[in-house]
Amino acid sequence: MYNSRAQTLFLFLLLHSVLLAPLVSAAGSKWTTLSGNPPKVIANGGFSGIFPSSTSYAYSLAVLISVPDVVLWCDVQLTKDGVGICAPDLLLSNSSDIADIFKKRNKAYLVNGVPTRGWFSVDFTYKELSTVALTQGVYSRTNKFDGNAFPILTVQEVASTKPPGFWLNVQHDQFFTQHNLSMRTFVISVSKSVIVNYISSPEVAFLKSITARLNPKATKLVFRFLGQDETDPSTNQTYGSLLKNLTFIKTFASGIMVPKSYIWPVDANNYLLPHTSVVLDAHKEGLEVFVSDFSNDVPFSFNYSYDPVTEFLNYFDNGVFSVDGVLADFPITPSEAIGCFAHLGQNASAQAKALVISKYGASGDYPGCTDLAYMKAIDDHVDILDCPVQLAKDGTPFCLSSINLIDSTTVAQSIFSNLTKSIPAIKSGSGIFTFSLTWSQIQTLTPSIANPYAGYRLFRNPKSKTAGKYLTLADFLTLSKKAGSLTGVLISIENAAYLAEDQGLDVVQAVKDELSKASYDNQVALRVMIQSTNSSVLQKFKDKTNYELVYKVDENIRDAANSAVGDIKKFAHAVVVSKASVFPENNAFLTGETDTVSKLKSFKLPVYVETFSNEFVSQAWDFFSDATVEINSYVMGASVDGVITDYPKTAARYKRNLCSLGKNPPSYMTPVQAGSLMQVITPGYLPPAEAPYPVLTVSDVDESPLPPVSATPPSSSPGGSNTTIAPSPRSGQSKIASCFFLPYLAMLLSALFVV
């Protein structure tokens, strides 16, 4: 039974956080769904991307931060005594601790003709299962909530919360029939006592057996397709063959559910193929089309650049068709896609003021700092295009992400591989540095796309991993001027002291000269931003009064002393900090919000934050494996003034979203409350506490002036191979020692579903 106080609290918060935030999809836009209404968001076991599937927390969170008409999905299993429960898998051991509770009661059965061993609901009474706790069944997801001992819920218990929509999926009717349990009897009975909006099954015979006993206006029947080569056990036909006879499906169902690959297949390299005609064919037959297999934290087609909103939009808003609903583990994401980004158009005005600043161009899609990365960033509506300036041996300034060519080219496999050096003043380990090759030699190198998450087997756009060519600073400035859509350019300068003292190269003067030649000194159309981690570099640009000087704090901090910020104010107009300096993490959970942004902004210093990536492993669990949720939390929650990203398209689209970002944004566009997820982790599962980040002090900021440029650079050793250059005293910043919730969510989840 449910605690009445918890139920009252639930209704209060629901009214204040969801009902006051209606769906805000584009007014007047015609959806190409069968009904003409927005697609349905179906929460797979609730918000199962975070909490264990089919638990009270998962269902509650799905209702709180999805579209108001979200549909809760329950995979129905029957117990030995005929009780219907919600559990994501026929094998209870895949999503619960039953194997620990009933160690010797696993059995082997045939499931659709396949011998299967495990713990099945048919072998346990509901009373026995009341001692079992649901756990996270997807092992790549966090298990930190397993200590909450989530009870298995009955179908009636979930329905009693009166969700906006309720969907029962019956995956194995024949299996239960073989064990003298009637899923047909249960479903017909439960439909008389609670509201069930949808019932689905991959077995034709089951749906045909109940179609005459249910009111089609109240309960829709949906035939669920599995893999095209798999066989429906009730007809012995493959799903691929059944797909060719949608007229037959229409005789007992009002809709179909298909895996997403039925609509947008991919090739062997995980790139999209042309869409099929499944949606159009089904709509012609009067069948709604629902799509399964959406998970933010599972790699999908490279065409989507790891952005789950982009994937959903390809099913909702492609100019040809729209599916009628999606089954998602992270229902907040299709909610955003439907409510804020569908039918956006190219001319939508910006809702958010934060700048979108590229990180080496669109370096998530192409090798960083290449012409292709820059042109993609421009096409993606980036505001500020960046160029990290490096110098070639002949003094040519050009754009490259690192002074070490190994980081972004295939130089180690080239004829220049013998130029390896170790220069501790620049970086630990060895490298092949830009100042060891002339610009003409650098032009012969093959670019290489960055893969910062290769350790997770997440690779970026393999088809274009070596595409593009590098640009001189002059070419970059010309490209930026011609773009027309840019707000400005950001030129970053590092290692200036070493280049001047040890290589006889003046990177500061080289940048000044190129900006002057390109007439950036006497124009106002484009902002010119100069960024460095060294105050001594920025001091050199103080005479350029129309330039915006940006100081980058290259270590994580939790605050900055007033005196330190006062010093920064003397030589910089804005500051760049890391994401962790705003929302610190512990084991990929946000622990709270620092004072960094508020302190810097109190001195009227704009704050830009880096680096925002689309790959879900780059985000804390609190952001639900959704880059849009993360960006929104920094922009609207922490009030940052700009985001620095290697996927500008995602951030630029966010700025133009159709949702109100004012006083009453929809629940799915409300910033996270940092630390809320951590609050619902039980003590035994909490990660060890970590020391807080340090406070930025004056000594971290103050530097001596840049050294003069040496007249004659030192000669290199013969062949230049494996040479170690001892670090010389240099001017540089002292290093500091050192990864939506609605405000009431933790309180709600701890009180709700008390049994």
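How many of the nine residues of α12 are buried? Nine of the nine are, so α12 is largely enclosed by the rest of the structure. This is a predicted model. The chain has 755 residues, and buried residues make up 59% of them. It holds 26 helices and 32 strands. The chain exposes about 29,100 Å², and carbon and sulfur atoms supply 53% of that area.

**Helix α12 and its surroundings**

- Helix α12 spans residues 308-316. Its buried residues are Pro308, Val309, Thr310, Glu311, Phe312, Leu313, Asn314, Tyr315 and Phe316.
- The cover over these buried residues includes two strands, β15 (288-294) and β16 (325-328). It also includes the helices α13, α22 (627-637) and α23 (648-655).
- Glutamate 311 sits in helix α12. Its relative accessibility is 3%, so glutamate 311 counts as buried, the cut-off being under 20%.
- Beyond its neighbours within four places in sequence, glutamate 311 is in contact with Lys260, Phe294, Phe300 and Tyr304.

**How α12 packs on α13**

- Two packed helices are described by the angle between their axes and the distance between the axes.
- For α12 and α13 (residues 332-341), the axes come within 9 Å and cross at roughly 65 degrees.
- The crossing of α12 past α13 is right-handed.
- On the α12 side, the contact is made by Pro308, Val309, Phe312, Leu313 and Phe316. On the α13 side, Thr333, Pro334, Glu336, Ala337, Ile338 and Phe341 take part.
- By class, this contact of α12 with α13 has nine nonpolar residues, one polar residue and one charged residue.

**One buried side on helix α20**

- Helix α20 covers residues 562-571. Its buried residues are Ala564, Val565, Asp567, Ile568 and Phe571.
- Why do these residues lie on the same side of α20? They cover an arc of only 155 degrees around the axis, which puts them on the same side.
- An α-helix has 3.6 residues a turn, so residues three or four places apart point the same way.

**Arginine 224: a buried position in a strand**

- Arginine 224 belongs to strand β11 (residues 220-224).
- Is arginine 224 buried or exposed? At 13% relative accessibility, arginine 224 counts as buried.
- Setting aside neighbours within four places in sequence, arginine 224 is in contact with Trp73, Asn169, Gln171, Ser201, Pro202, Tyr239, Met257, Ser292 and Leu327.
- Valine 204 is 20 residues away from arginine 224 in sequence. Their C-alpha atoms are 9.0 Å apart in space.

**Two buried serines**

- Serine 60 lies in helix α2 (residues 56-64). Serine 60 has 2% relative accessibility and therefore counts as buried.
- Serine 60 and threonine 161 are 101 residues apart in sequence. From C-alpha to C-alpha, they are 9.1 Å apart.
- Serine 613 lies in the loop between β29 and α22. Its relative accessible area is 3%, so serine 613 is buried.
- Leaving out neighbours within four places in sequence, serine 613 is in contact with Tyr453, Arg460, Ser618, Gln619, Ala627, Glu630, Asp646 and Tyr647.
- Serine 613 and threonine 645 are 32 residues apart in sequence, with 6.1 Å between their C-alpha atoms.

**Backbone geometry to check**

- Most residues other than glycine have a negative phi, and most peptide bonds are trans.
- Which peptide bond is cis, with omega near -10 degrees? The bond runs from glutamate 610 to threonine 611. Threonine 611 is in strand β29 (residues 607-612).
- Asparagine 270 has a positive phi of about 70 degrees and is not a glycine. Asparagine 270 lies in the loop between β14 (255-259) and α11 (278-284). With a relative accessible area of 23%, asparagine 270 is partly exposed.
- Arginine 457 also has a positive phi, near 65 degrees. Arginine 457 lies in the loop between α15 (439-442) and α16 (473-483). At 64% relative accessibility, arginine 457 counts as exposed.

Key
Residues numbered from 1 in each chain as written. Predicted model: local features only at pLDDT ≥ 70, side-chain atom pairs only at ≥ 80, totals over all residues. Heavy atoms only, no water. Axes fitted to C-alpha atoms, helices over the stretch in contact; angles between N-to-C directions. Helix = DSSP H or I, 4+ residues; strand = E, 2+ residues; numbered from the N terminus. Left-handed = near helix turned anticlockwise from the far one by under 90°. Contact = heavy atoms within 4.5 Å. Nonpolar A, V, L, I, M, F, W, Y, C, P; charged D, E, K, R; others polar. Buried < 20%, exposed > 50% of the residue type's maximum accessible area, 1.4 Å probe, protein only. Arc of directions from axis to C-beta. Areas by Shrake-Rupley, 256 points an atom, 1.4 Å probe, with all protein chains shown as cover.
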